[in-house]
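Open the model in your viewer and keep the selection tool at hand. The tour goes stop by stop.

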Amino acid sequence: MSDSPPEIGDNPRPGDSYVQSFARGLEVIRSFSAATPQQTLSEVAARTGLTRAGARRILLTLQTLGYVDSDGRLFRLTPRILDLGFAYLSSMPIWDLAEPAMEALVDHVHESCSAAVLDGRDIVYVLRVHTHKIMSTNLGVGSRLPAFWTSMGRVLLAGQSDDAVMALLQNLPRRPLTPHTLLDDERLLAAVRQARTQGWCLINQELEEGLISVAAPLRNRAGETVAALNISGQANRTSAEMMQTQLLPALLKAAEAISRTLGTRRR
């Protein structure tokens with residue numbers, strides 16, 4: 001499953017408050033990925049829909065600012081681009097508060113633990129503590145996965161109203177990722193409602209065969225879900241029953257501790 005975000009240019013917002021050149025610069029940055037770590041000018045122009053001249057101006061601007069490097073033919077992002085992401089992470093102390101609790105949880109359950117936030121129809125990983133490599137996808141901070149087929153995604157969607165969830169379901173690209181993937185609107189909405197009612201969500205091999213995970217919400221001072229915490233494991237050694245009976249209590253305790261540290265209340 002691709003973790004590429006939707007194109008910024010899909011929904012242009014003309015007007016005095018919309019800076020088109022800035023939006024195009026972001027499109028150029030987003031055109032680089034694990035699949036395309038280096039690109040020629042022509043490739044950047046083709047992927048962003050810009051003219052070669054427009055792509056060249058943006059790339060040279062980014063190069064002047066230190067966000068892009070080039071050997072004269074191929075362009076690549078530099079480590080300075082991480083400053084943009086870390087600005088978000090450092091602006092929210094929740095992640096500093098969450099990491100010790102996540103590390104303690106991993107030491108206790110011996111499974112990987114992650115935290116993510118909702119961004120449209122995707123979740124974005126903001127913190128990850130590893131034990132074993134459990135997915136073929138190389139996940140890290142900034143990775144994106146479809147919210148409707150991840151445990152953290154359904155927990156985060158559960159914090160939205162039914163109307164908001166239905167709006168996200170409209171025109172949602174969907175295909176059977178595994179034989180277990182839920183696809184129709186009614187079942188997906190029911191799964192989100194279940195997560196809302198029980199306060200956690202377990203996904204059993206819907207995103208990838210062999211992957212099982214359980215997630216719980218992190219809530220802010222107003223009781224709103226602002227992030228999600230999960231434990232992931234391999235179905236051949238951690239069954240859904242084991243995940244729910246043995247690992248879920250520890251996960252809920254960690255989520256409660258993080259929320260309490262943040263000065264939040266649980267619903």
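Stop 1: Select R154 and E206. Their side chains meet in a salt bridge, 2.7 Å from N to O. R154 sits in helix α6, while E206 belongs to the loop between β7 (201–204) and β8 (211–219), so the pair ties together parts that are 52 residues apart in sequence. This is a predicted model.

Are the two partners buried or exposed? R154 has 3% relative accessibility, so this arginine counts as buried. E206 has 8% relative accessibility and counts as buried too. The cut-off for buried is under 20% relative accessible area.

**Stop 2: one aspartate, two arginines.** Now select D162, R193 and R196. Start with R193 and D162, whose side chains meet in a salt bridge at 2.7 Å, N to O. R193 lies in helix α8 (residues 185–198) and D162 in helix α7 (residues 162–169), so this pair ties together parts that are 31 residues apart in sequence.

Turn to R196. Its side chain meets that of D162 in a salt bridge at 2.9 Å, N to O. D162 is in helix α7 and R196 in helix α8, so here the tied parts are 34 residues apart in sequence.

Colour these residues by relative accessible area. D162 comes out at 23% and counts as partly exposed. R193 is partly exposed at 40%. R196 is partly exposed at 32%.

**Stop 3: a salt-bridge network.** Which residues are linked with D119 in a network of salt bridges? Select D122 and R144 along with D119 to see the network. Then zoom out: a search of the whole structure finds 8 salt bridges.

**Stop 4: a negative patch.** Switch to a surface view and select D96, E99, E103 and D107. Together they form a negative surface patch. Show the cartoon under E103: this residue lies in helix α5, residues 94–109. E103 is partly exposed, with a relative accessible area of 37%. Patch members need over 30% relative accessible area, so E103 passes that cut-off.

**Stop 5: a nonpolar patch.** Keep the surface on and select V19, F22 and L26. They make a nonpolar surface patch of about 280 Å². L26 is placed in helix α1, residues 20–30. With a relative accessible area of 31%, L26 is partly exposed.

**Stop 6: the whole protein.** Clear the selection and show everything. The cartoon has 9 helices and 9 strands. Buried residues account for 45% of the 267 residues. The accessible surface comes to about 14,100 Å². Carbon and sulfur atoms hold 51% of that surface.

Take the contacts between residues at least 6 apart in sequence. What share of them joins residues at least 24 apart? The figure is 57%.

Methods. Residues are numbered from 1 along each chain as its sequence is written. This is a predicted model: local features need pLDDT of at least 70, side-chain atom pairs count only at pLDDT 80 or more; totals for chains, interfaces and linings use all residues. Side-chain values use heavy atoms; hydrogens and water are left out. Patches are made of residues with over 30% relative accessible area and no salt bridge: like charges are joined within 9 Å, nonpolar side chains (Val, Leu, Ile, Met, Phe, Trp, Tyr) within 5 Å. Accessible areas come from the Shrake-Rupley method with a 1.4 Å probe; for residues, only the protein chains shown count as cover. A salt bridge is a side-chain nitrogen of Lys or Arg within 4 Å of a carboxyl oxygen of Asp or Glu. Lys and Arg count as positive and Asp and Glu as negative; His and the chain ends are not counted. The place of a charge is taken as NZ of Lys, CZ of Arg, CG of Asp or CD of Glu. Helices (H or I, at least four residues) and strands (E, at least two) are DSSP runs, numbered from the N terminus. Buried means under 20% relative accessible area, exposed over 50%, partly exposed in between (1.4 Å probe, protein chains only). Contact means heavy atoms within 4.5 Å.
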